[in-house]
Amino acid sequence: MASTIRLELVTPERLLLSEEVDEVVAPGYEGEFGVLPEHTQFLAILNIGVLWYRKESAVEKIALGGGFAEVTPDRIVVMADTAERADEIDLERAQRARDRAEARLKELSLDDETHAKVRAALQRALVRMAAGGGE
Amino acid sequence: MANLRAIRKRVSSVKSTQQITRAMKMVSAAKLRRAQDGINAARPYARKMREVVTAVAGRAGSDAHPLLTSREAKKLALLVVTSDRGLCGSFNSGLTRAVHRFLNEHRGEYEEITLFVVGRKGRDFFRRREIPIRKEYLGVLGSVSRNHAAAIANDLVGGFLAGEFDEVQIAFNEFRSAISQVVRFEKMFPIALESSGKAPGDEVDYLYEPSREEILATLLPKYVQTMIFRVLLESVAGEHGARMTAMDSATNNAVDMIARLTLQMNRARQATITTELTEIVSGAEALKG
């Protein structure tokens, strides 16, 4: 029985990651789910959120902007709309984006069409900050 | 024989043209390399996307989502991907001509053909011929982004789901290599399922979260985006390749032209000198007499 699982993370622009890891936790549609080696076949929509994976005792965080995950017993492939490693995240920019989104949300009414968009932008900023080790 | 000053002027004008074409060739070569990197970087995602779509749609069957269901193709939408800028050989003219021919040949087959055009060159072509364009996308090719592809995909998928057309095809220059681009027509959707050779149920089905239908509903439009994104990237790479080749031959032509003009110029100069000499000599002879 394999003791590790292959994590592949692709975005439309690039292949971000292809690594053997021990454990992956991803932000699924209905909440976070964990994946260990020998997981059953599984296909999920991913929300905007933080994905983290553990390799022995080292934990890495990735900020995801939504996507899909396909899990097979020896592999998890994450097809993300956007994905950034913690060390790639510009915290200040994310903070500015959050402030901007928060300010706009105050002006917009709930049923405004752009409301959902701005809220998604806010969420992405928050996720970046969380993954990047900010507040 | 043309006069000396006129030839000199021509030479210097051809020389500056040559400088421009040479610079453009170099710029295109650099941009081509970047575009190729882009294609390569986008490949893993596109491949994975296709795998998953095939796997899921194959299990779900063609009734699971409208994008998979083929219906009688009465109304066709055609997305034509050209470039915004010219000076790239037959890159645009080859494509627009092929589309024009396609329109004439297939007019009888479909009740209606709706055109969507990417790129200023294609827009100008159809506008000149007064062929109506449903929607044009200009300036998306400078830096192809996921968002542009998404916007185009939304229009096409939206129209398809609303029943405005029954089939969507895309006409573009496929990037074979830096010197070879081939005009291609590709059916985009309804998505034809490649049969994997295995009967569905051969493999263990996935667990789905939330459900297979909901996943398909988000997955398929994204798949269309990915296809369009790929086509845009290929078209941009092809454009730079075509421009590089065109500018290379323009530079070579300029070199030949300069050589020919220089020869002409030297002959003209020689002729003037000979005439002057003859005049001096005959003048001297006359004085002797």
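**View 1. The interface between chain B and chain A, seen as a whole.** Together, chain B and chain A bury about 2100 Å², and 65% of that area lies on carbon and sulfur atoms. Keep in mind as you browse that this is a predicted model. The size of an interface is often given as the accessible area lost when the parts come together. In terms of residues, 23 from chain B are in contact with 24 from chain A.

**View 2. Polar and charged links across the interface.** Nine residue pairs, both members at pLDDT 80 or more, are in polar contact between chain B and chain A. Salt bridges between the two chains number two. One of them joins A:Asp81 to B:Lys222, with 2.9 Å between the closest N and O atoms.

**View 3. The side of chain B that touches chain A.** Three elements of chain B each supply at least two residues here: helix H1 (4–60), strand S6 (207–209) and helix H5 (212–288). H1(B) gives the most, with nine residues. Sorted by class, this side of chain B has 15 nonpolar, seven charged and one polar residue.

**View 4. Strand pairing between the chains.** Here you can follow strand S5 of chain A (residues 42–55) as it pairs with S6(B). The two strands run in the parallel sense, and the pairing covers three bridges. For a handy place to start looking, find A:Leu43, whose bridge partner in S6(B) is B:Tyr208.

Methods. Residues numbered from 1 in each chain as written. Chains lettered and ligands numbered in written order. Predicted model: local features only at pLDDT ≥ 70, side-chain atom pairs only at ≥ 80, totals over all residues. Heavy atoms only, no water. Contact = heavy atoms within 4.5 Å. Buried area = accessible area lost by both parts, 1.4 Å probe. Salt bridge = Lys/Arg side-chain N within 4 Å of Asp/Glu carboxyl O. Polar contact = N/O pair within 3.5 Å; in protein donor to acceptor, adjacent residues only side chain to side chain. Helix = DSSP H or I, 4+ residues; strand = E, 2+ residues; numbered from the N terminus. Nonpolar A, V, L, I, M, F, W, Y, C, P; charged D, E, K, R; others polar. Pairing = 2+ DSSP bridges.
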